[in-house]
Amino acid sequence: MMKTEAVIEPKSTLQPRSVEGRFRNAKTAILVFAYAVFFLLPWLRWERAVGPDQAVLFDIPGRRYYIFDLVMHAQDIFWLTALLFLAAVLLFFVTTLFGRVFCGYFCFQTLWTDAFRFFEKFIQGDRVARLRLDKQPWNAEKILKKGLTHLSWLALALWTGISFALYWGDAFELTTAFFTGTAPSAMYGTAIILMSTTYLTAGWAKEHVCLHMCPYSRFQSVMFDQDTVIVSYDAKRGEGSTGRVKPIKDMRDQQARQSAGHGDCVDCGLCVQVCPTGVDIRKGLQIGCIHCALCIDACDGIMDKQGWERGLIRYTSEHGLEGKKTKVLKLRTVGYGLATLLATIYLVWSIGNSKLLEVTAVQIRSPLFVQLSDGRIQNSFEVKVNNKSMEAGRYQLVIDNFPGAELELGQFSDIQLKPDSSIRILAKIRYTVPPDDTQKNREFQFRLTPLEGKVKESVIIPSHFITP
């Protein structure tokens with residue numbers, strides 16, 4: 001089903017031809033949207049009662065991750081695990097349905113290579129002009145155009161690295177510090193590393209990343225079957241019984257071509273020229289095809305000029321090409337879809353039901369207990385109260401199910417916390433053990449009762465008291 005010989009064939013850098021059409025417009029719209037999100041988000045301000053006014057900020061020193069009104073704490077890192085799992089099963093689900101559409105429209109390599117080629121075209125011209133420039137000797141024109149191209153690539157790559165770093169601090173302060181030489185060394189390191197990798201992969205490696213470096217293209221074949229909708233060439237229609245032929249002389253008429261056994265493919269080669277990885281889709285599914293569908297736009301344009309029906313190259317399945325029905329609901333598709341749905345529900349539920357007041361009580365184990373001079377036994381606990389809400393809170397800590405025991409909190413009669421803050425308190429529990437009592441451990445509960453603040457429900461923390 002999939003041919004792999006192209007993987008090991010060395011190729012020179014491609015110069016794809018520009019093309020217009022619905023899929024090219026879709027790719028451009030996605031590129032503009034993705035760039036707007038990536039480059040503008042750090043500059044977007046967002047009002048919060050507490051915390052920075054940046055809409056999206058990952059505050060490593062403060063162990064807070066701000067995404068609009070959502071404030072993630074270090075203990076919420078399992079959301080990242082759930083998000084990665086969701087991304088993986090969603091990718092598998094989409095791949096089983098539509099092949100490598102992620103590669104063709106959403107992959108970072110595709111987006112940045114597209115942008116780099118836009119600068120290349122703007123400075124050097126379209127495909128023919130670029131090929132001519134490549135062949136001509138190094139003169140002033142070639143040096144100027146090539147130099148400007150690489151400068152524009154480096155500028156975009158540098159701004160990519162800087163923009164990534166801006167997510168980890170205040171964008172305005174970091175930008176000023178970066179260009180005045182006072183930014184943290186980590187920012188310079190991050191920007192330089194990302195600038196270098198972006199420049200090399202999108203400017204130099206280009207399609208070779210998709211052909212030789214990306215692991216996704218290697219295992220995608222196991223996710224395809226005859227019902228996966230992919231970019232396909234209708235060989236039966238295009239080749240006919242005697243193969244393709246150019247529209248010369250009497251071969252311009254479709255009926256005449258069909259009478260001679262020729263198909264609708266006019267062998268213009270435009271589908272190959274517009275392909276960003278140089279794939280000839282007429283040779284069938286290949287590992288280098290990223291399903292961007294630019295060849296569909298090219299072929300549709302030719303069909304329109306000829307006045308023939310579109311769809312010689314189109315999104316369809318292998319069964320569709322054979323005239324059979326494409327089965328969407330299959331066991332594997334349903335499985336990936338169900339996993340995607342469950343992961344989405346869990347992530348949304350987990351975030352929506354996250355606790356705004358968290359309390360932990362850890363018994364100090366060195367020593368486990370102390371016998372005081374009056375004979376009472378004392379256990380000590382480190383109680384941590386974390387107010388994750390954006391309102392100040394006041395709380396009362398008591399113990400339940402432990403008659404006769406005393407709780408001492410030192411200077412704290414009640415606990416007051418600012419918005420999005422936490423406190424650690426040393427809690428001492430003292431208890432006089434009856435002479436005839438041989439019980440070693442006694443279970444009880446800490447109960448934290450909110451007196452003021454956004455949270456109204458009490459929090460119960462089970463614990464136990466240890467005696468000699």
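This is a predicted model: local features need pLDDT of at least 70, side-chain atom pairs count only at pLDDT 80 or more; totals for chains, interfaces and linings use all residues.
Axes here are lines fitted to C-alpha atoms, for helices over the stretch in contact, and the angle between two of them runs from 0 to 180 degrees, taken between their N-to-C directions.

Take helix 6 (140-166) and helix 8 (185-205) to begin with. Their axes are 7 Å apart, and the two helices pack at an angle of about 135 degrees.

Tyr 199 is worth a stop along the way. This residue of helix 8 has a relative accessibility of 15%, so it counts as buried. What does Tyr 199 touch, once its neighbours within four places in sequence are left aside? The list is Phe 116, His 150, Trp 153, Leu 154, Ala 157 and Trp 204. Between Tyr 199 and Leu 158 there are 41 residues of separation in sequence, yet their C-alpha atoms are 8.6 Å apart in space.

Helix 6 also packs with helix 4 (residues 108-124), and here the axes come within 9 Å and cross at roughly 150 degrees. Helix 4 and helix 6 are therefore roughly antiparallel. This crossing, too, is right-handed. From helix 4, the contact draws on Trp 112, Ala 115, Phe 116, Phe 119, Glu 120, Ile 123 and Gln 124. Helix 6 contributes residues including Lys 145, Leu 148, Ser 152, Trp 153, Leu 156 and Thr 160.

Next comes helix 7 (residues 171-180), in which Ala 171, Leu 174, Thr 175, Ala 177 and Phe 178 are buried. Why do these residues end up on the same side of helix 7? They do so because they cover an arc of only 165 degrees around the axis. That buried set packs against helix 6 and helix 8. On the face of helix 7 turned away from the buried side, Glu 173, Thr 176 and Thr 180 are exposed. The ends of this helix have details of their own. Asp 170 caps the N-terminal end, with a side-chain oxygen 3.2 Å from the backbone nitrogen of Phe 172. After helix 7 comes Gly 181, which has a positive phi near 75 degrees.

Most residues other than glycine have a negative phi, and most peptide bonds are trans. Phe 68 is not a glycine, yet its phi is positive at about 55 degrees. Phe 68 sits in the loop between strand 2 (64-67) and strand 3 (70-73), and its relative accessible area of 28% makes it partly exposed. Lys 249 is another non-glycine residue with a positive phi, this time near 50 degrees. Its loop runs between helix 11 (235-239) and helix 12 (254-259). Is Lys 249 buried or exposed? With 69% relative accessibility, Lys 249 counts as exposed. Then there is the peptide bond between Ser 366 and Pro 367, which is cis, with omega about 5 degrees. Pro 367 belongs to the loop between strand 6 (357-363) and strand 7 (370-371).

His 319 lies in helix 15 (residues 318-321) and has a relative accessible area of 19%, so it is buried, the cut-off being under 20%. Its side chain makes a polar contact of 2.8 Å with the side chain of Asp 227. Not counting residues up to four places away in sequence, His 319 touches Gln 226, Asp 227, Lys 324 and Lys 325.

Leu 409, in the loop between strand 10 (406-408) and strand 11 (415-417), is buried at a relative accessible area of 10%. Beyond its neighbours within four places in sequence, Leu 409 is in contact with Leu 397, Ile 425, Leu 426 and Ala 427. Glu 309 is 100 residues from Leu 409 along the chain, and the C-alpha atoms of the two are separated by 82 Å.

How values were computed
Residues are numbered from 1 along each chain as its sequence is written. Side-chain values use heavy atoms; hydrogens and water are left out. Buried means under 20% relative accessible area, exposed over 50%, partly exposed in between (1.4 Å probe, protein chains only). Helices (H or I, at least four residues) and strands (E, at least two) are DSSP runs, numbered from the N terminus. The arc is that of the directions from the helix axis to the C-beta atoms. Contact means heavy atoms within 4.5 Å. A polar contact is a pair of N or O atoms within 3.5 Å; within protein, one must be able to donate a hydrogen and the other to accept it, and residues adjacent in sequence count only if both atoms are side-chain atoms. Angles under 35 degrees count as roughly parallel, over 145 as roughly antiparallel, 65 to 115 as roughly perpendicular and the rest as oblique. A crossing is left-handed if the near helix is turned anticlockwise from the far one by less than a right angle, and right-handed if clockwise.
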